[in-house]
Amino acid sequence: MNIILFGPPGAGKGTQAKYLVKKLNGYQISTGDILREEIKKNTDIGKKIINNMNDGKFVSDHIVNSILKSHIFDHNKKEKLIFDGYPRSLSQAKNLDLLLNDSNQKIDHIFFLNVNKETIVERIKKRKILEKRSDDDLDTILKRYDAYIETTRPVLDYYSKNLNFHEIDGSMEIHEITSKIEAFLNV
Ligand code: AMP
């Protein structure tokens, strides 16, 4: 089963993805985590993306799409993909469809965790203290939110007509969101 967790930064996609990984024996494809790891290891990719990431801007499609491709074509991960933070634009959504098609896969469920801006700002301020992410300061949070509204939210139109699209109130407690997701998955 392949799943997309969709929503603004701070919606709880990562938390739910980690839960689903355990429950379904799946693989979390968090482009944000993968990119942060590149920066931590100071790789060539890491050096290219550090400024964009710290500024709350998107990393180029070229880099993100090539990272994604390696995971989609990984036989061990086939039908066990849990996307968190991808796609973030219409062109990424279309790229994902192509890659899934080429690897004989499809998306089984899309969960949209809907949260308002005020809740996001409060949550990310707390996360900044816990995780010390360099892109979690207030200025950058607001830029990331703007990027979401401008470029990512329009992807909803692309997905929302699908029967497997489910909108969930992301301001609920973590366990309540998990229960809603489980109900749709029948697990
Ligand atoms: P996240 O951990 O999902 O909040 O992502 C953190 C940052 O990584 C974003 O603000 C972007 O700079 C970058 N990033 C993550 N996923 C993508 C993506 N699909 N496309 C472009 N940039 C991304």
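Author: A polar contact here is a pair of N or O atoms within 3.5 Å; within protein, one atom must be able to donate a hydrogen and the other to accept it, and residues adjacent in sequence count only if both atoms are side-chain atoms. The model is predicted, with local features requiring pLDDT of at least 70 and side-chain atom pairs pLDDT 80 or more, while totals for chains, interfaces and linings use all residues. Residues are numbered from 1 along each chain as its sequence is written, and side-chain values use heavy atoms, with hydrogens and water left out.

An oxygen atom of the ligand lies 2.6 Å from a polar backbone atom of Lys57. Nitrogen atoms of the ligand take part as well: one is 2.9 Å from an N or O atom in the side chain of Gln92, and a nitrogen is 3.0 Å from an N or O atom in the side chain of Arg88. Taken alone the ligand exposes 480 Å², of which the protein buries 97% (accessible areas by the Shrake-Rupley method with a 1.4 Å probe; for residues, only the protein chains shown count as cover).

The shell around the ligand holds 16 residues, the closest being Thr31, Arg36, Lys57, Gly85 and Gln92, where a residue is near if one of its heavy atoms lies within 4 Å. Helix α2, residues 31–40, gives the most to this shell, with four residues; helices (H or I, at least four residues) and strands (E, at least two) are DSSP runs numbered from the N terminus. By class, the shell has six nonpolar, four polar and six charged residues, counting Ala, Val, Leu, Ile, Met, Phe, Trp, Tyr, Cys and Pro as nonpolar, Asp, Glu, Lys and Arg as charged, and the others, Gly among them, as polar.

The space taken by the ligand is the largest pocket, which is an open set of points on a 1 Å grid over the protein atoms alone, where a 1.4 Å probe fits, with protein on both sides within 12 Å along at least five of seven lines, and whose lining residues have an atom within 4 Å of a point. Its lining comprises 50 residues, of which Gly10, Lys13, Arg127, Arg133 and Arg144 lie nearest the centre of the pocket. Helix α6 supplies the largest share of that lining, six residues, and the lining divides into 19 nonpolar, 16 polar and 15 charged residues.

Technical notes
Sits in = over half its atoms within 2 Å of the grid points.
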